[in-house]
Amino acid sequence: MTTPASVLRALGEPLVKYRFVVTLDPGDAYLPPAQALLLPLVAAGGFQEVTGLGGTLEVVSYAEGGRNDSVHQLPLRNTWNRITLKRGVVRDRVLWTWYQTGLADSLGARRDGAVILLGADGLPAMAWAFHGGLAAKWSGPDLHGEQNAVAIESLEIAHEGLTNVL
């Protein structure tokens, strides 16, 4: 006999949100190979915060003639939220360089990547891959002479879709 407790044990404990890794592919599948090699290599990164994993399905209401008890909800198109990465400012300029490369190239410097949520054992437990990402917005740190805090930079990635890969 299956009980709710046995179902929960089979699914495992809820995952914690503070153990994650972000990866960005080093190349650009949308550029000629010679130009793609000019992009800096971006490996797995330690970020303080990742937000924006999600999408929205635009729905149109359609009232069918002669049907007064409800209105049809028809799907129109899907849009994806921008993924925002935040980390402490470090001496490497990889995020800034990716953003700057997109400014100089009319197609932008597109990268694929993933946000990987780790389990208690440190192994990947859930992952979302994004496709065709562009560095759409870079923000530098807010500086305050009266605060003893880490300087934080952020990067917003506009992308063409998410895939749940695990």
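Two aromatic pairs were found in a search of the whole structure, which is a predicted model. In one of them, Trp96 and Tyr99 form a tilted pair, with 5.9 Å between the ring centres and 45 degrees between the planes. Both residues belong to helix α3 (residues 94-104), where they are three residues apart and therefore separated by about one helical turn. Trp96 also pairs with Trp138 in an edge-to-face arrangement, at 4.9 Å centre to centre and with 70 degrees between the planes. This pair links distant parts of the chain, since Trp96 lies in helix α3 and Trp138 in strand β7 (residues 124-139), 42 residues apart. Through these ring pairs, Trp96, Tyr99 and Trp138 are linked into a cluster.

The accessibility of the two tryptophans was also computed. Trp96 has a relative accessible area of 29% and is partly exposed. Trp138 is likewise partly exposed, at 28% relative accessibility.

A polar atom of the His159 side chain lies 2.9 Å from the backbone oxygen of Asn81. The side chain of His159 also reaches the backbone nitrogen of Gly161, at 3.2 Å. When neighbours within four places in sequence are left aside, the residues in contact with His159 are Trp80, Asn81, Ile83, Phe130, His131, Gly132 and Gly133.

How values were computed
Residues numbered from 1 in each chain as written. Predicted model: local features only at pLDDT ≥ 70, side-chain atom pairs only at ≥ 80, totals over all residues. Heavy atoms only, no water. Phe/Tyr/Trp six-rings, centres within 6.5 Å; stacked < 30°, edge-to-face > 60°. Helix = DSSP H or I, 4+ residues; strand = E, 2+ residues; numbered from the N terminus. Buried < 20%, exposed > 50% of the residue type's maximum accessible area, 1.4 Å probe, protein only. Polar contact = N/O pair within 3.5 Å; in protein donor to acceptor, adjacent residues only side chain to side chain. Contact = heavy atoms within 4.5 Å.
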